[in-house]
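Dear colleague,

I am handing over the structure below, and after it I set out what was found. Please read the cut-offs alongside the findings, as each term is given its own.

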Amino acid sequence: MNKQRVFITGVTGAMGFPALKNLLLDLSEIDLVALVCPSKENEKIIKPFLKIAGFTVVWGDLLNYDDIKKCVDNADMVLHIGGLVSPKADNNPELTMDINVGSAVKIVKAIKELNQTEKTRLVYICSIAATGDRMPPIHWGRVGDPIKPSFFDYYAMSKIEAERYIVESGLPYWVSLRQTGIIGPSMADIEDAIMFHQCLDNVLEYASDRDSAVMLRNLCRKERKNELGGNFWGHIFNIGGGESCRVSAYNLYKKLFGMIGINNLSYVMESKWSALRNFHGQYYLDSDKLNDILQFRSDSMEYFYKAYLKKLGIITVIAKIITKLPGGQKLIGGIIKKRFHKLTLTENGTERFVKDNMEHHIAAFWGSWEAYQTIVPMEKFVPFSDWDTVVHIDHGYDERKPEAELNLQDIKNAAKFRGGECLSESMTTGSWTDKLKFRCAFNHEFDASPRLVLEGGHWCPVCERESWNYYERAKVDRFFAQVWYPLHDKNEKEWKYNKMDFKTYE
């Protein structure tokens, strides 16, 4: 029997490296090809695996079509994990789009040029960042909710654009997996101002790097054995670790610093350092769907807490001793607080936004200067607690109907709910892939499939690309308004921010 040929990108990253190590366990059944960008750091990471039979490294670049085509050639499975991620991505928006969107386009192009559309399965790793800020009370979400990248989140923009392209590519075998925050040693190593972009009451349903790796290994294995069934390819799923991986930022900090003996968060951070909104994150109503198919969950948040303490090493032992002494918590907390404060003053730091009076950033992350000034001190902060209440997000059509019964009237209803209209006068009943013609509330005409709009939560590509026009859109788009007005006062000062000029990557 021929081996399954698997091409994987991003093998030196937080998700890709554990995936690589897991897939190497299956070399009796697969041939594994990895595209790795040449650098001293990457060469050091990959060196231990270079002589393993059945594993091939192609030293190349996601920006180079020939490198990608070489790897796609004869591939049964493409696991596209690689790309530029935040915070680096947000500081280099043009490069982010070139890499993250351009690579997706190049992979699809290679599959088609090599006449492998019936052979190659494309697994695209998208991101929870696509649906943006979902602070309480709308902290429960699912696939199909409105696409809403946070202001200045160019990483999210790139993942949204790439997902849109893949869904509409015409490939018969694709799947988009929206990855959440990845817990593990890599997350424990992060020291960047982006941590304060996350609001204290923000939530994430994390997934571990180890579980994510098992998920991809099981995906390949089940495809080899024809066990994935008919409801996997051609769909979008949320990756989440389930109940044991759900936590708010505030409770994460309380647990983490409590483990080294600091029980008062005011000793380690100021409440004004954290944004009030504009960071992605949610608990999932539907993450069980993917786990039911691929059976990958085993870790809880305890995995991350242990990884963080391991990173601190001897400091953990010392801190636990000192914090038991009178004044010890304040002493150790003060050391940590100084480090955190330095982060807040860096390029992407929240204190820098305020110090330099960056009007648009202040509006995005706090709503206004006045809202920033009303933030209470950490010791008076009362965290949100009604985590179990779900605010239903209406998708604008009858979701109880079987997919095979979807008809034009369903589509017209959904388009009207989004403030626009479906201009097509006919469709094949039950077809989720044939593109229809739409017009948004701002008179932009575009073609899109029901899969993209109804399951993906995408809408007008012009509005998605040109600006964060959320105030204007919420007034005329009832679908979008559901995830905007619970977090924004209808009387607050309106503004919009142009994104960037989008290139054509085909």
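A polar contact here is a pair of N or O atoms within 3.5 Å, where, within protein, one atom must be able to donate a hydrogen and the other to accept it, and where residues adjacent in sequence count only if both atoms are side-chain atoms. By that criterion, a polar contact of 2.5 Å joins the side chains of Asp299 and Arg210.

Please keep in mind that this is a predicted model, in which local features need pLDDT of at least 70 and side-chain atom pairs count only at pLDDT 80 or more, while totals for chains, interfaces and linings use all residues. Residues are numbered from 1 along each chain as its sequence is written, and side-chain values use heavy atoms, with hydrogens and water left out.

Asp299 is found in the loop between α10 (288-294) and α11, the helices being DSSP runs of H or I with at least four residues and the strands runs of E with at least two, both numbered from the N terminus. With a relative accessibility of 10%, Asp299 counts as buried, a term that means under 20% relative accessible area, against over 50% for exposed and in between for partly exposed (1.4 Å probe, protein chains only). Leaving aside residues up to four places away in sequence, Asp299 touches Ser208, Arg210, Asp211, Ser244 and Cys245, where contact means heavy atoms within 4.5 Å.

In helix α9 (residues 249-258), the residues Ala249, Tyr250, Leu252, Tyr253, Leu256 and Phe257 are buried. They lie on the same side of α9, because they cover an arc of only 160 degrees around the axis, the arc being that of the directions from the helix axis to the C-beta atoms. Among the elements that cover these buried residues are α7 (185-188), β12 (246-248), α11 (301-312) and α13 (328-344).

As for cysteines, a search of the whole structure finds zero disulfides, a disulfide being a pair of cysteine sulfur atoms within 2.5 Å. Cys460 is in no disulfide, and the nearest cysteine sulfur, that of Cys463, is 3.7 Å away. Cys460 counts as buried at 1% relative accessibility, and Cys463 is likewise buried, with a relative accessible area of 13%.

Best regards
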